[in-house]
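Hello,

Here is the structure I promised to pass on to you.

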Amino acid sequence: MTNGSSTVGWEQHERAVTELRAQLAAVPRGEPVRLAKRSSNLFRPREGTGRPGLDVSALDSVIEVDPVRRVAQVQGMCTYEHLVEATLPHGLMPFVVPQLKTITLGGAVTGLGIESSSFRNGLPHESVREMDILTGTGEILTATADNEHAELFRTFPNSYGSLGYSVRLEIDLDPIKPYVHLRHLRFGELSELTARMDELLRTRELDGQAVDFLDGVVFSATESYLIVGTWAEHAPYTSDYTGQQIFYRSIQERAEDYLTAHDYIWRWDTDWFWCSRAFYVQNPKVRRLVPKRYLRSDVYGKIIRFENRHGWFAKRDARKGNLPRERVVQDVEIPIERTTDFLEWFLDNVPIEPIWLCPLAVRDHDNGDQPWPLYPLRVGEQYVNVGFWSTVEIPQGGSDGDTNKEIERVVEELGGHKSLYSDAYYDEATFWSLYGGETYQQIKKTYDPDGRLPDLYAKAVGRR
């Protein structure tokens, strides 16, 4: 067992859990409960409660890493940045590391987490062995896939804190190599890109090399790329996209590249994929003046949250006579055979580019073809996560939410699924038909009978 400087150990963890339970007990019965978090990767504003949340700042670390068993014990509020710091020295990484450094392990498991290893490793909750969950009743329950709380274990993913909060998770770890060799494949037709993606997912190799990572970027209907990553023991050079160079632009400029394992994991964070352009830091003159420590997704996120609270940019645009804008920040999962259809519709109807593509598949399980009730993707089917994050004009006569509602309609028509970290507009009946329905309600009654935690519809659509 290892308990180095980057870990806190079991004794400190137990003290933090005891304090958290005491905080919950102090909340008057019947009042809603929520976390007081320093940061959030949710992209929907939430209603204020006027009450302080549970302080979970002491649950933000790795407890221990076991390099022999290839598992880690991790507190729920530990960010992936800190988790990776603890595992990489052992030649290990989590099975799936979401793209942004301040996403927490608990947040990815109870919400959305995906990356270029998801076509082989699924989603973050699929590499969880067990969880300690603080429920609405104030109990700390250990849930596994086969103990008395197995239904809570299965229903917890995509519940967004509506069934409880994970205070400890035991997760599997994957062995790594020092470098990742990248090859950028360009396509002039979207159908060609999705066909090649499907081939790579079936063969798992490109020109005799293993496909260890796979994602893609659509710049337009006539310019798109697949990014194929392969572990490598050696590299003739390594690129650096944490300063003046911008990763997504390199995809258009070079056919291959090499990154260290660490820099590959965080290649999207420096520019928040491409969203940093909204803050002008992709302008070379501006970028040279910005310290590297500020080129991070969480810095940009703070600006967005400031705007959500105060609407400064929206007021400025209104004074200029510009049309108001609707936030369209979404990740959707589309069956691979319908991905071209969705992309063509999207490019024809929603003026947002680039678009991120990331294939994923649910790992095989013994408990049915839809093992995660609130994330109802089917075992044996290949999906493509399509991510798009920007704003669009609201035309005269239109309403805020129109574009998001149309996206929801098309995703459902194509047999897809939408994550809930951002705006959702479903009516309640439709929502429950898509996100757990009776299964969720049964688990909610068992583990939060007094409704101290807002239910999933209230959180996702009601923004509580």
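A residue is called buried when its relative accessible area is under 20%, exposed when that area is over 50%, and partly exposed in between (1.4 Å probe, protein chains only). Please keep in mind that this is a predicted model, in which local features need pLDDT of at least 70 and side-chain atom pairs count only at pLDDT 80 or more, while totals for chains, interfaces and linings use all residues. Residues are numbered from 1 along each chain as its sequence is written, and side-chain values use heavy atoms, with hydrogens and water left out.

Salt bridges first. With a salt bridge taken as a side-chain nitrogen of Lys or Arg within 4 Å of a carboxyl oxygen of Asp or Glu, the count comes to 26.

One of them joins Arg-196 and Glu-199 (3.7 Å, N to O). Both residues belong to helix α6 (residues 190–203) and sit three residues apart, about one turn of the helix. (Helices, H or I with at least four residues, and strands, E with at least two, are DSSP runs numbered from the N terminus.) Arg-196 counts as partly exposed because its relative accessibility is 26%, and Glu-199 does so at 35%.

Arg-254 and Asp-257 form another salt bridge (3.9 Å, N to O). Here Arg-254 is partly exposed at 31%, whereas Asp-257 is buried at 0%.

Arg-463 and Asp-423 also meet in a salt bridge (2.6 Å, N to O). This pair links distant parts of the chain, 40 residues apart: Arg-463 lies in the segment after α16 (456–460), and Asp-423 in the loop between β18 (417–418) and α14 (428–434). Arg-463 is partly exposed, with a relative accessible area of 26%, while Asp-423 is buried at 1%.

Now to two helices. α10 and α11 pack at an angle of about 65 degrees, with their axes 6 Å apart; the axes are lines fitted to C-alpha atoms over the stretch in contact, and angles run from 0 to 180 degrees between N-to-C directions. The contact (heavy atoms within 4.5 Å) is made by Phe-306, Glu-307 and His-310 of α10 together with Trp-312, Phe-313, Ala-314 and Lys-315 of α11. Phe-306 counts as partly exposed, because its relative accessibility is 39%.

Finally, Glu-31 lies in the loop between α1 (10–26) and β1 (35–36). Its C-alpha atom is 6.1 Å from that of Arg-452, although the two are 421 residues apart along the chain.

Best wishes
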